[in-house]
Amino acid sequence: MKPTHIEHIGVAVKSIDEARKFYEEVLGLTCYSVEEIAEQKVKTAFFMVGQTKIELLEATSLESPVAKFIENKGQGIHHIAFAVTGLENWLTTTEGKGVQLIDKTPRCGAEGLDIAFLHPKSTGGVLIELCEDKNKK
Ligand code: ZN
C-alpha cells in the first residue's frame, strides 16, 4: 500500500488574483479551474504540472482554516496531497498505526475527489491530504 503519486501541492495565498500571476507569467502555467468550496470556506485555483497540480487556496471567510494558517505562518505551502486507492482502507490502516486523523471518513474535496487530512502532529509538521479519484476507476 503506497500512494501512486503526488496529486497536488496546496499553497495558501492571500489573493488568488495576485498569486496566480507568478504561476502564469513566470512559470507559464495555465489555470484550468477556479472553484469555491463553501464547506471548507476556500476558493481554489488549479494548475497542472505533469501529473501533479498546484492548488492555490484563498480563504473566503476569516473562520477558514486557510485564513488561520496565513495568520499564524504567513503565505506558503499548506499541504501535500498524495493520490491513493482505497481511501477508507487507508484511513483505517493509518489510524491503526497511531496517526491522528483530521477526517475519520472521506469527504468531498475540490474536483470531486474524495479527500481526508492527516494531522501535522503525526506527520512531522506537514499537513497531509490523501485523495482518491473514484471517477478514474
Ligand atoms: Zn488539497
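The legends below describe several views of one predicted protein model.

Residues are numbered from 1 along each chain as its sequence is written. Because the model is predicted, local features need pLDDT of at least 70 and side-chain atom pairs count only at pLDDT 80 or more, whereas totals for chains, interfaces and linings use all residues; side-chain values use heavy atoms, with hydrogens and water left out.

View 1. The protein has 3 helices and 8 strands. Helices (H or I, at least four residues) and strands (E, at least two) are DSSP runs, numbered from the N terminus. Along the sequence, these elements follow the pattern β-α-β-β-β-α-β-α-β-β-β. The C-alpha trace spans about 45 × 35 × 25 Å along its principal axes. For 137 residues, a compact globule would have a radius of gyration near 14 Å, and the value of 15 Å for the protein agrees with this. The radius of gyration is taken over C-alpha atoms, and the globule rule is 2.2 Å times the number of residues to the power 0.38. Of the 137 residues, 42% count as buried. Buried means under 20% relative accessible area, exposed means over 50%, and partly exposed lies in between (1.4 Å probe, protein chains only). Among contacts (heavy atoms within 4.5 Å) between residues at least 6 apart in sequence, 52% join residues at least 24 apart.

**View 2. The largest nonpolar core.** A nonpolar core is a set of buried Ala, Val, Leu, Ile, Met, Phe, Trp, Tyr and Cys residues joined through side-chain atoms within 4.5 Å. The largest one here has 11 residues: V11, V13, I16, A19, Y23, L29, C31, A45, F47, I54 and L56. Helix α1 (16–26) and the strands β3 (42–49) and β4 (52–59) each supply at least two residues of this core. Of the elements, α1 gives the most, with 3 residues. In soluble globular proteins, nonpolar side chains tend to be buried together. Which residues does I54 touch, not counting residues up to four places away in sequence? I54 touches I9, V11, Y23, A45, F46, F47 and V49.

**View 3. The aromatic cluster of F22, Y23 and F47.** Ring pairs link F22, Y23 and F47 into a cluster. Rings of Phe, Tyr and Trp (its six-membered ring) pair if their centres lie within 6.5 Å; planes under 30 degrees apart count as stacked, over 60 as edge-to-face and the rest as tilted. By this rule the protein has 3 aromatic pairs. The ring centres of F22 and Y23 are 5.3 Å apart and the ring planes stand at 85 degrees, so this pair is edge-to-face. F22 counts as partly exposed at 42% relative accessibility, whereas Y23 is buried with a relative accessible area of 14%.

View 4. Strand β2 (residues 31–37) pairs with β3 in the antiparallel sense over 6 bridges; two strands pair if DSSP finds at least two bridges between them. S33 has F46 in β3 as its bridge partner. The hairpin of β2 and β3 has 4 residues between the strands, and K41 in the turn has a positive phi of about 55 degrees. Strands β3 and β4 also pair in the antiparallel sense, over 8 bridges, and K43 stands opposite E58 in β4. Their hairpin has 2 residues between the strands, and G50 takes a positive phi near 60 degrees.

View 5. In helix α2 (residues 65–73), the buried residues include V66, A67, F69 and I70. They cover an arc of only 160 degrees around the axis, which puts them on the same side of α2. The arc is that of the directions from the helix axis to the C-beta atoms. The buried residues of α2 pack against β1 (5–12), β3, β4 and β5 (76–83). The face turned away from this buried side carries the exposed residues P65, E71 and N72. Just after α2, G74 takes a positive phi of about 85 degrees.

**View 6. Helix α3 and its buried side.** Which residues of helix α3 (residues 87–96) are buried? The buried residues of α3 are L87, W90, L91 and T94. They cover an arc of only 100 degrees around the axis, which puts them on the same side of α3. Among the elements that cover them are β7 (114–118) and β8 (128–132). The opposite face of α3, turned away from the buried side, carries the exposed residues T92 and G96. Just after α3, G98 takes a positive phi of about 90 degrees.
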